[in-house]
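The tour below goes from the whole chain to single residues.

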Amino acid sequence: MKTDIVVNYDKCGDPRECKKCLQICAPALFLLYSTDDESDDPDVWRVDVAFTDLCTRCGDCVEVCPKEAITLV
């Protein structure tokens with residue numbers, strides 16, 4: 001069963017400071033990237049979900065997110 005992981009970017013804030021979802025996910029589904037390589041603006045940094053087929057639906061990313069920005073669908 002494919003899992004959809006939704007990140008609410010309005011709640012996520014600056015993922016460069018948090019990185020909790022990246023650290024807790026054993027299959028390493030999350031990627032941290034900038035939508036603008038020339039900007040240091042926190043609003044252009046995103047946590048994106050890759051490799052969703054590897055998700056085990058453990059829910060650790062949902063539980064560890066301090067801003068409740070991640071949802072499993």
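What radius of gyration does the chain have, and does it agree or disagree with that of a compact globule? This is a predicted model. For 73 residues, a compact globule would have a radius of gyration near 11 Å, and the chain has 12 Å, so the two agree.

**Whole chain**

Start with the C-alpha trace. Along its principal axes the trace spans about 40 × 20 × 20 Å. Next, switch to a cartoon view, which shows 4 helices and 4 strands. Going along the sequence, these elements come in the pattern β-α-α-α-β-β-α-β.

Now display contacts. Among contacts with a separation of 6 or more, 61% are between residues 24 or more positions apart.

**Surface and charges**

Of the 73 residues, 32% count as buried.

Then select the charged side chains. There are 8 positive and 15 negative charges. How far apart are the mean positions of the positive and negative charges? They lie 5 Å apart.

**Stop one: Asp14 and Arg16**

Select Asp14 and Arg16 and show their side chains. These two residues form a salt bridge, with 3.0 Å between the closest N and O atoms. The salt bridge count for the model is 1.

Is Asp14 buried or exposed? Asp14 has 14% relative accessibility, and because buried means under 20%, Asp14 counts as buried.

**Stop two: Leu22**

Move on to helix 3, which covers residues 20-24, and select Leu22 within that helix. With a relative accessibility of 26%, Leu22 counts as partly exposed.

Which residues does Leu22 touch, leaving aside those up to four places away in sequence? Select Phe30, Leu31, Leu32 and Val47 to see these contacts.

Terms used. Residues numbered from 1 in each chain as written. Predicted model: local features only at pLDDT ≥ 70, side-chain atom pairs only at ≥ 80, totals over all residues. Heavy atoms only, no water. Helix = DSSP H or I, 4+ residues; strand = E, 2+ residues; numbered from the N terminus. Rg over C-alpha atoms; globule rule 2.2 N^0.38 Å. Buried < 20%, exposed > 50% of the residue type's maximum accessible area, 1.4 Å probe, protein only. Contact = heavy atoms within 4.5 Å. Lys, Arg positive; Asp, Glu negative; His and termini not counted. Charge placed at Lys NZ, Arg CZ, Asp CG, Glu CD. Salt bridge = Lys/Arg side-chain N within 4 Å of Asp/Glu carboxyl O.
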